[in-house]
Amino acid sequence: PTMEPPSTWRVRRARAGFLRKVTVKGWVLGLTLVAAGLASLFFAVSAHLDVLDLMPTTDPDDLQRISDLEDQRAVLLNLAFGALFLGVFAMFVMTERTIPADIAQRQMMSQVRLTDELVTNLNLKGSAAYIPAKFALTREKVLIPAKDSSLALPIMTDDLVFSLGADRATLGIFLTPPGLDLLDGFERDLAVSNKDAGLEALEGNMQIAKLGLGLVRDFKIKERNGETILRIEHSAFADGCRTIRALMPDVCRQAACPICSAFLTGIARSTGKIAKVKRVENDTDRIQFHLELVPWE
């Protein structure tokens, strides 16, 4: 038999791997949308053939019928291509996690414990402030201050970790947000950028966490009474979230788990403002962050 080149093997393995990773929900939703798209396309072609049957003509009734059919054809074509695109998108995005959920949950717990131990040993009491990548700062940071007070940033650089309060800057530590890589991964998967996109665009882009990956059951970002409120309810890692809130309740207010941190970092990235945590309601599975967006000029 003819030997296939290695490039062909890689393509086939990649295709097989993709087919195994697509969830049942992804297949059902994707195939349903594709079927709806093909049905719309069929009716659009049927309307087009009816137009051809009536042409050429000068009869007013036939001309009106042609106009109606052309409008119908245009609507059906838009529906067809939209449904086909969404169907294929659903099958590509709604895939299983490549890391088993229990392993990922343990990794999340380890990261949260590490941050909590660091903050506790440094006796930091303040609430987190998520800082956008601006000026000399090329990636987002989260400030955990020694205490809650007016925010005064030192000269920000990527390698800054400790702020000692010189020149009246806020005393505290600057860390890489636990959810930064997760947020970057969402953007790569969707080929979008949330930078300066605004909260509405961020909320739309972050649907991948809910619909595509099932990381959260629900989330909402809204502005009310001068506050920006992030409401989030975990799904895949709900048990880990409950354990964290029971053992380390201040983590939500100070550094947050990677999933919540990804949303909070996204708020800073999409607005170009410092997202300062004012308070957190985390006594139920529906966690609510109350934020103040502080301009950083």
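Predicted model: local features only at pLDDT ≥ 70, side-chain atom pairs only at ≥ 80, totals over all residues.
Residues are numbered from 1 along each chain as its sequence is written, and side-chain values use heavy atoms, with hydrogens and water left out. The secondary structure comes to 10 helices and 8 strands (DSSP runs, numbered from the N terminus: H or I of at least four residues for helices, E of at least two for strands). Of the 297 residues, 42% count as buried (buried is under 20% relative accessible area, exposed over 50%, partly exposed in between, with a 1.4 Å probe and protein chains only).

**Confidence**

- The average pLDDT is 84, and 86% of the residues score at least 70 (pLDDT is the predictor's confidence in each residue, from 0 to 100).
- Residues 4–20 have pLDDT below 50, and beyond near neighbours in sequence this stretch has 8 contacts in the model (a contact means heavy atoms within 4.5 Å).

- The 8 strands make an open sheet with antiparallel pairing, in the order β3-β4-β2-β1-β7-β8-β6-β5 (two strands pair if DSSP finds at least two bridges between them).
- β3 and β5 stand at the edges with a single partner strand each, so one side of each has no neighbour in the sheet.
- Helix α10 packs on the sheet, where it touches β1 (129–131), β5, β6, β7 (273–281) and β8, and its direction makes about 150 degrees with that of β6 (axes are lines fitted to C-alpha atoms, for helices over the stretch in contact, and angles run from 0 to 180 degrees between N-to-C directions).
- Strand β2 (residues 141–145) is joined to the antiparallel β4 by 4 bridges, and P145 has G172 of β4 as its bridge partner.
- Between the antiparallel β5 and β6 there are 8 bridges, with E223 opposite T228 in β6.
- On to β8: T228 also stands opposite L291 there, and 6 bridges hold the antiparallel pair β6 and β8.
- β7 and β8 form a hairpin with 4 residues between them; they run antiparallel with 8 bridges, and R279 sits opposite H290.
- Among contacts between residues at least 6 apart in sequence, 61% join residues at least 24 apart.

**The nonpolar cores**

- The largest nonpolar core has 50 residues, and those with the most contacts inside it are Y130, I232, I244, I259, F263, I267 and F289 (a core is a set of buried Ala, Val, Leu, Ile, Met, Phe, Trp, Tyr and Cys residues joined through side-chain atoms within 4.5 Å).
- Helix α10 (residues 258–271) gives the most to this core, with 7 residues.
- Another core, of 9 residues, lies apart from it, with I131, L137, L160 and W296 among its members.
- Leaving aside neighbours within four places in sequence, I267 is in contact with L199, L202, I221, L230, A275, L291 and L293.
- As background, nonpolar side chains in soluble globular proteins tend to be buried together.

- Q288 is in strand β8 (residues 286–295), and it counts as buried because its relative accessibility is 14%.
- The side chain of Q288 makes a polar contact with that of H290, at 3.3 Å (a pair of N or O atoms within 3.5 Å; within protein, one must be able to donate a hydrogen and the other to accept it, and residues adjacent in sequence count only if both atoms are side-chain atoms).
- Not counting residues up to four places away in sequence, Q288 touches R224, I229, L230, R231, R279, V280 and E281.

- Most residues other than glycine have a negative phi, and most peptide bonds are trans.
- The peptide bond from M55 to P56 is cis, with omega near -10 degrees, and P56 lies in the loop between α2 (24–54) and α3 (60–93).
- D167 isn't a glycine, yet has a positive phi of about 55 degrees; it's in the loop between β3 (162–163) and β4 (172–175), and at 80% relative accessibility D167 counts as exposed.
- N225 takes a positive phi near 55 degrees in the hairpin of β5 and β6, which has 2 residues between the strands, and N225 is exposed, with a relative accessible area of 75%.
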